[in-house]
Amino acid sequence: MSKKILISGGGTGGHIYPAIAIANELKQRFPDAQFLFVGAKDRMEMEKVPQNGYQIKGLWISGIQRKLTLKNMMFPFKLISSLWNANKIIKQFKPDVVIGTGGFASGPTLMRANANGIPTLIQEQNSFPGITNKLLAKKANKICVAYDGLERFFPKGKIIKTGNPVRQDLLQIEGKREESLAFFNLDKTKKTLVIIGGSLGARAINKLIESELDWLVSQGVQVIWQTGKLYYEEYKKYDKKEGVQTHAFLNKMDLTYAAADVIISRAGAGSISELCIVGKPTVFIPSPNVSEDHQTKNAQAVVDKNAAILLKESELERFQIVFSNLLTNTERQQELSENIKKLALPNATKNIVDEIIKLFP
């Protein structure tokens, strides 16, 4: 009889892409398995999951704002509605296992799965878990994590360190340097800086790069700058500048990383997992606007292993000193590169799926 697998995760790419990667690996091993995703209505998973070939149902749920708003007053009603609908979905679909990768919808979905006696597994991407996964941890059967030290938040006996699922094409960038230089039409005598602010973009990083472009070019650096689709119109004019390329989104991430000598990135859990595999010297500029300030905590966990540099948004006036010290010190570049590679967990998806299979009835 074919397996039935229910997966809930969303709100951001950091929750959605691991969920899809897990589903793809399960589908490879169980081609006749049935999948159903549960997300939050009006969030990006409602679009991204069907694009990847999976069915999804939406719950009327959102997070709690930090100040008193109408949305907060609606939260109890949304929670009751979501618990009721999640229960209905579970009764109809009858899953063998339920997987949560974080996000608003995974709370009610895994709560009802636990109440119905269905095995559950949580995949926690961050070094500092969100409130949903902390609440779900008590009843979950297994908790797959990417960082050490999470027994502060979760029952120790349930934790398995697997890492975060990453895009498969990134696992092999060795030997793609020449191809990447040709693809981006780069000057092989110059150092290449790659800037990644996430798919939507990062305002603070974009403003920083705009203010430092002339200086970067004067240092003999060529720039591949992912502005994000929200900001592309504002910054695309710099594409005309010698040695500068602006992109709304970078699709060929294997070639992007292969071209890079130094990377500037946000510190989302998925990005960090990719960058550990890529193994290039990295400066993290975490977003301070995410819940629990988890990006700073993610970046700090890497910096503590002497594997990257952390530059907070409140310290951006130090950018030229920090960047030129890195650019002119090949030993430091080598050290960061070697140390970040030691943190890589390239078999994360396979290892998570191994744990899921153990929960099948």
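Visitor: Does Asn-339 count as buried or exposed?

Guide: The model is predicted, so local features need pLDDT of at least 70, side-chain atom pairs count only at pLDDT 80 or more, and totals for chains, interfaces and linings use all residues. Residues are numbered from 1 along each chain as its sequence is written, and side-chain values use heavy atoms, with hydrogens and water left out. Buried means under 20% relative accessible area, exposed over 50%, and partly exposed in between, with a 1.4 Å probe and protein chains only. Because its relative accessibility is 15%, Asn-339 counts as buried.

Visitor: Which residues does Asn-339 touch, not counting those up to four places away in sequence?

Guide: Asn-339 lies in helix H13, residues 330–342; helices (H or I, at least four residues) and strands (E, at least two) are DSSP runs numbered from the N terminus. Contact means heavy atoms within 4.5 Å. By that criterion, Asn-339 touches Lys-305, Asn-306 and Ala-307.

Visitor: Which residue just after H7 takes a positive phi?

Guide: The buried residues of H7 include Glu-212, Trp-215 and Leu-216, and strand E9 (221–226) is among the elements that cover the buried residues of H7. Just after H7, a positive phi of about 75° is taken by Gly-220.

Visitor: How many residues are in the largest nonpolar core?

Guide: A nonpolar core is a set of buried Ala, Val, Leu, Ile, Met, Phe, Trp, Tyr and Cys residues joined through side-chain atoms within 4.5 Å. In the largest one, Leu-6, Tyr-257, Ile-263 and Phe-284 have the most contacts inside the core, and its residues number 56.

Visitor: How many residues are in the second, separate core?

Guide: Leu-216, Val-244, Ile-264 and Leu-327 are included in this second core. Its size is 29 residues.

Visitor: What is the radius of gyration of the protein?

Guide: The protein has 14 helices and 13 strands. The radius of gyration is taken over C-alpha atoms, and the globule rule is 2.2 Å times the number of residues to the power 0.38. For 361 residues that rule gives 21 Å, so the protein is as compact as a globular protein of that length, with a radius of gyration of 21 Å.
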